[in-house]
Amino acid sequence: KCPRAYKLREIEGVKPQHKSLSSCRSATVRKVVSALHKGEKKPCDCTRQEIEAVCERIWQEEIADQNINHEDLDAIDIQEKPATKNKTATQKVTKGDRVFENIKEWCFEYSREGESQVLYSNVSFQTPIADITFTGYIDQVRKLGDSLQVLSFSTGCQPPDATFLDRDFSMSLYAHAVWHADR
């Protein structure tokens, strides 16, 4: 976010007094990506279990730092709920748990990039729906096996969950534009 903070932290080695959850996340992802590229295999040849094991090891090192804000790490994101006749029990999920799950998923998807073929990057589109024409840009469209991936390189701090994506108009619009693209 701040070039000066980056310079102080990464180049000059000045450590912050308190380590935030977002710092742990970014450090973990950076170290996992580095470890994947230093390994004997290419990242795309690693299994999900191998990648998750690397993520686990590095995440545990990051959250073991004595300067980490444990209140943020242990804050409840989803409350535990007992099972009822109609619903299964819900386990509690902390912010740390949620961030770690996002790290594992992001690192695994990153490793699959070697298997995918970029079809379009930063491509503009115009797509009519009823009597309205929508225009915009799609960051990237990739082909992975028999499926297409539509990527949006947003600057949000956490990837959206599936519930959000089911209702997100922009992703639906991108998928519609790709589906109806003139080839």
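Predicted model: local features only at pLDDT ≥ 70, side-chain atom pairs only at ≥ 80, totals over all residues.
Close-up 1. Look for tyrosine 120 in strand β3, which covers residues 117-129. Together with Leu119 and Leu148, Tyr120 forms a nonpolar patch on the surface. The accessible area of these three residues together is about 250 Å².

**Close-up 2. An aromatic pair between strand β3 and helix α7.** The count of aromatic pairs in the model comes to four. One of them joins phenylalanine 125 and tyrosine 174 in an edge-to-face arrangement, with 6.1 Å from centre to centre and 80 degrees between the planes. This pair links distant parts of the chain, as phenylalanine 125 sits in strand β3 and tyrosine 174 in helix α7 (residues 169-179), 49 residues apart. Are the two partners buried or exposed? Phenylalanine 125 counts as buried because its relative accessibility is 10%, under the 20% cut-off. Tyrosine 174 counts as buried too, at 15% relative accessibility.

**Close-up 3. Alanine 130 in a loop.** Here we visit the loop between β3 and β4, the place of alanine 130. Phi of alanine 130 is near 60 degrees, a positive value in a residue other than glycine. With a relative accessible area of 78%, alanine 130 is exposed.

Close-up 4. Helix α5 runs over residues 95-112, 18 residues in total. Among the buried residues of α5 are Gly96, Val99, Phe100, Ile103 and Phe108. What do the buried residues of α5 pack against? Their partners are α2 (21-38), α3 (48-63), α4 (70-74), β2 (93-94) and β4 (132-144).

Close-up 5. Side chains of opposite charge can pair when their charged atoms come close. Glutamate 105 forms a salt bridge with arginine 48, and the closest N and O atoms are 3.2 Å apart. The pair connects distant parts of the chain, with glutamate 105 in helix α5 and arginine 48 in helix α3, 57 residues apart. Arg48, Glu52 and Glu105 are linked in a network of salt bridges. Glutamate 105 is partly exposed at 37% relative accessibility, and arginine 48 is partly exposed at 28%.

**Close-up 6. Two further salt bridges.** The count of salt bridges comes to seven. One of the bridges brings together glutamate 50 and lysine 41, whose closest N and O atoms are 2.8 Å apart. Glutamate 50 is partly exposed, with a relative accessible area of 32%, and lysine 41 is partly exposed at 38%. The side chains of arginine 57 and glutamate 61 also meet in a salt bridge, at 3.6 Å from N to O. Both of these residues lie in helix α3, four residues apart, or about one turn of the helix. Arginine 57 is partly exposed at 45%, and glutamate 61 is partly exposed at 46%.

**Close-up 7. Valine 93 and its contacts.** Finally, turn to strand β2, where valine 93 has its place. Not counting residues up to four places away in sequence, valine 93 touches Ala75, Ile76, Asp77, Ile78 and Arg98. The C-alpha atoms of valine 93 and aspartate 74 are separated by 8.9 Å, and the two residues are 19 residues apart along the chain. Valine 93 counts as partly exposed, with 21% relative accessibility.

Key
Residues numbered from 1 in each chain as written. Heavy atoms only, no water. Helix = DSSP H or I, 4+ residues; strand = E, 2+ residues; numbered from the N terminus. Expected span 1.5 Å × (residues − 1). Buried < 20%, exposed > 50% of the residue type's maximum accessible area, 1.4 Å probe, protein only. Contact = heavy atoms within 4.5 Å. Patch = residues over 30% accessible without salt bridge, like charges linked within 9 Å, V, L, I, M, F, W, Y side chains within 5 Å. Areas by Shrake-Rupley, 256 points an atom, 1.4 Å probe, with all protein chains shown as cover. Salt bridge = Lys/Arg side-chain N within 4 Å of Asp/Glu carboxyl O. Phe/Tyr/Trp six-rings, centres within 6.5 Å; stacked < 30°, edge-to-face > 60°.
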